Amino acid sequence: MAASDTPVLILNAPLVANRLGYPDLSGLDLLELFAFVHPARFCVPTPRGLAQALEIEQPAADEDVPAFLQTAAGALIGACEDPEWFEREGAWSALQSLERLRWPWAQVIKPHIARPEKAEKWLFATLPEWEERPERGSPRQVELPEEDVLQQLDHLTGEKAERREGQRTYAADTARIFAPRNKQEVPHFALAQAGTGIGKTLGYLAPASLWAAASGGTVWVSTFTKNLQRQLRSESRRAWPVKRPDGTPPVVVRKGRENYLCLLNLEDALQGGFAGRPAILAHLVARWAAFTRDGDMIGGDLPGWLGTLFRKRGIVALTDQRGECIYAGCPHYRKCFIERSGRDSAQADLVIANHALVMVNAARGRDHAQRPTRLIFDEGHHVFEAADSTFAATLSGQEAIELRRWITGPERKNRGRRRGLAARLADVASYDDAGGEAIEDACEAGAALPSEGWLQRLSEGDPLGPIEALLFAVRAATYARDESGGQEAGYGIETEASGLPGGVIEAAGSAAEALSAIRTPLVRLAGRLEAIIADPPDWLDGQGRARIEGARFSLQWRVDLIAAWEALLARLGGPADPEFVDWFAVDRSDAREFDVAIHRRWLDPMKPFSKVVLEPAHGVMLTSATLTDRIGVDLTGSAAGDPWEAALHRSGAAHIESQPLLSAAQSPFDYASRAEVLIVTDVKKGDLPGLAGAYARLIEASEGGVLGLFTAIRRMRAVHGRIADRLAREGLPIYAQHVDPIDTGTLVDIFRDDPHASLLGTDALRDGVDVPGRSLRCVVLEAVPWPRPDILHKARRAASESGSQYDDRIIRARLAQAFGRLIRNKDDHGHFVVLSSAFPSRLLSAFPDGTAIHRVTLDEALGRVRSGEIGEKPNGDHETAGKASAEPPDMFP
Ligand code: SF4
């Protein structure tokens, strides 16, 4: 009531609203003010985090927070009056617009921001332009002598740093992938297991930086998580300066275009495309755009929490999500962050990217000269799944409606600047009759694609057009054949795409014809664009040419997509292709349907990966702390298999001629004295109150600092709902993915920042959290992480010929990754708790050698966590991990 009467000071309104169960809470949110006063500055969105960012005293206890919020507001307002205020430029003009939009802070800070003497320039006039630079040319072929690599490593680690033998061997092994290639399509290929703490990053940056300097070429390092990208950017400073003397950056973080701010979308939003709260967001983003390092909105220097203060879609609508860029036809083309990042990476010594981008770039990159040839995949254990999604084909309602919008434009008005093909290529249509006809034909044929309201029509049995009719048949078949029990539980359901009813096959035939009718004019149009470029008319200047090339590229992408869908449909009803797994799915969340799809995956996605990524490369390495399998021992005490087998299979090595170099460096950490595993035997499966109680008591026993990992979101939410309030009252806050309206990166920042906080999450946290020190001192797993037996999993397990060993390997890998969160540096110590009595001994080898493992009751576990006891129990009643597990052999040929 107080909040609705008068605006009150709040920190993170959506979070407070969520906790209070009062969704409409609003007021004077200090985070919004922070985003205005200090755009592009890092701040953990908690009182403590805000105090650090503003360099003021932190509140000592919860009851001091209200007074602190006033102090913090005072500090932010005071900053606006400071003559040295770094981010003053543009603030006065932005405030005028924000006042018109009735931003609650506008009235408060207006008296404190002086009108500038000279009129401020409009953002789009102040951003710098990128410059066209000559191509870098091919790298020189160079050898890297081992002594030079080791010397470079000494230089990067610092003269006084202690020498780590594992790191030296690792750096020398990595250097081998940079040697000149001996045979076409056969790259130097290495798999490197690098135990936590060996100093992997500098281990590969040493040879990479040496090679880049000697050869004039670019090394790409690809990661799976944004967190590692951030870390790499900062570690790369030891080898490269921020800028070269000519002003270009030698190190560039490169992401998919959907991560960056699209200036044209922003301009549209500022000029009336957005209304109400989203319009306020657009102005705060415009403040940020003037100070950002690279325009990266997702995981870059735009605070992750900014979008959630408004509406998540707001941020997404400001990026270029659907490839609608009009390239040189855009008035901001010469300032565009996406174009800049592409040009910078062509000149860079080191490009930091992610697995999906590297693969997409290799598969359909615009510029062959820019394709990576020296590649290090860090977090290499994720390459398989990244390849799995990159080389997948999915014909779904959501994808098909996107294609329709791309061709014909939005169905309703007021959808921002989005335009169809006809509007984007109006000049081509008026100059070239055949091109104009092709556009018309494509738009006409595009009407066969699903349109707004398609999901509703499907559920009412009233599909419109051939593609909706197909999706209707797919949906009906999926429901008819489902035996998973998912229907009642509200989960998504799926069925194999085999033995299909005649209705589905007939509908697939008509849908394929409709798709072909769309593809044909698009191919014709691409041909016309090519002809225009080959024989340019007078009006085609450099910018026009670049725009047409851009259009050709995005056309090709759609033509390939439609062809893949047609191939997918052609095979329904025919004999099964052993190379692929095909299935139907109805995606649902809490019983609400949101998509219907036909999926196709490669049984072995490393096959296309090796063709597209490995063969064209000269040197590739996959590296990770959990690359090899921590395989157990058999009854005779010898290794029960080859620890490299799965890593080799999941690397694509089998599909190229190259014999991979295998390298292994063990972690220097003394796990036996720093960590122990507690398997709790008396929390019954399915006993939710018991599970919640166990989490609460473990969090109390360790006084926070717990990372709780769940295999099901629903259970995590239920546990959080039961314990969060009670623990918060004890000064032990709990944050949770899928519960708190905060992005995962920010949740981890909050967790890292507060040693009393705990964090609950699912898969994404299992190996995406790097929190060294006391903030993470206990990992609690709700159960053994069995793989979900979906159609794809079952097909791969059947193909692996090892049945349950296939599952065991996946579980061991997941356990090893989760355990890896606990000990991040040599001083870390803590407990790894699994709340499952059904923990087979054969999986214990997943933990590092020598780690003590105790099967205990919850009370005993609480005692050990509370006292911080680690290692053997006095009665000797324990098991130890991995004693006889096979050391990865030294397998350099
Ligand atoms: S060039 Fe494309 S991505 Fe860049 S600002 Fe313009 S429309 Fe957006």
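This is a predicted model: local features need pLDDT of at least 70, side-chain atom pairs count only at pLDDT 80 or more; totals for chains, interfaces and linings use all residues.
User: Thanks! Which helix gives the most to the lining of the second largest pocket?

Analyst: Several elements give two or more residues to this lining, among them helix H2 (13–20), helix H5 (65–81), helix H33 (713–729) and strand E16 (734–736). With 6 residues, the top contributor is H33.

User: How much space lies in that pocket, and which residues are closest to its centre?

Analyst: The second largest pocket holds about 1400 Å³ of space. It is lined by 40 residues, and those closest to the centre are Arg 19, Pro 47, Asp 62, Pro 733 and Tyr 735.

User: How many residues of the lining are nonpolar?

Analyst: Sorting the lining of the second largest pocket by class gives 8 charged and 8 polar residues. The nonpolar residues number 24.

User: Let's turn to the ligand. Which residues come nearest to the ligand?

Analyst: There are 11 residues around the ligand. By class, this shell has 9 nonpolar and 2 charged residues, with no polar ones. Those that come nearest are Cys 262, Leu 263, Cys 325, Cys 330 and Cys 336.

User: Now the sheet: what is the order of the strands, and which are the edge strands?

Analyst: This is an open sheet of 7 strands with parallel pairing, in the order E5-E6-E4-E7-E12-E3-E13. From one strand to the next, the twist averages 15 degrees. Pairing on one side only marks the edge strands, E5 (251–253) and E13 (661–665).

User: Why is E12 largely enclosed by the rest of the structure?

Analyst: Gly 619, Met 621 and Thr 623 point one way from E12, while Val 620, Leu 622 and Ser 624 point the other way, and all are buried. Buried here means under 20% relative accessible area. Strand E12 is largely enclosed because its buried residues number 6 of 6.

User: Which residue in E7 is the bridge partner of Ser 222?

Analyst: Strand E4 (residues 219–223) pairs with E7 over 4 bridges in the parallel sense. The partner of Ser 222 in E7 is Phe 377.

Terms used
Residues are numbered from 1 along each chain as its sequence is written. Side-chain values use heavy atoms; hydrogens and water are left out. On a 1 Å grid over the protein atoms alone, a cavity is a set of points where a 1.4 Å probe fits but cannot get out, and a pocket is an open set with protein on both sides within 12 Å along at least five of seven lines; lining residues have an atom within 4 Å of a point. Grid points are joined across faces, edges and corners, and a volume is the space filled by probe spheres set on the points. Ala, Val, Leu, Ile, Met, Phe, Trp, Tyr, Cys and Pro count as nonpolar, Asp, Glu, Lys and Arg as charged, and the others, Gly among them, as polar. A residue is near a molecule or strand if one of its heavy atoms lies within 4 Å of it. Buried means under 20% relative accessible area, exposed over 50%, partly exposed in between (1.4 Å probe, protein chains only). Two strands pair if DSSP finds at least two bridges between them. Axes are lines fitted to C-alpha atoms, for helices over the stretch in contact, and angles run from 0 to 180 degrees between N-to-C directions.
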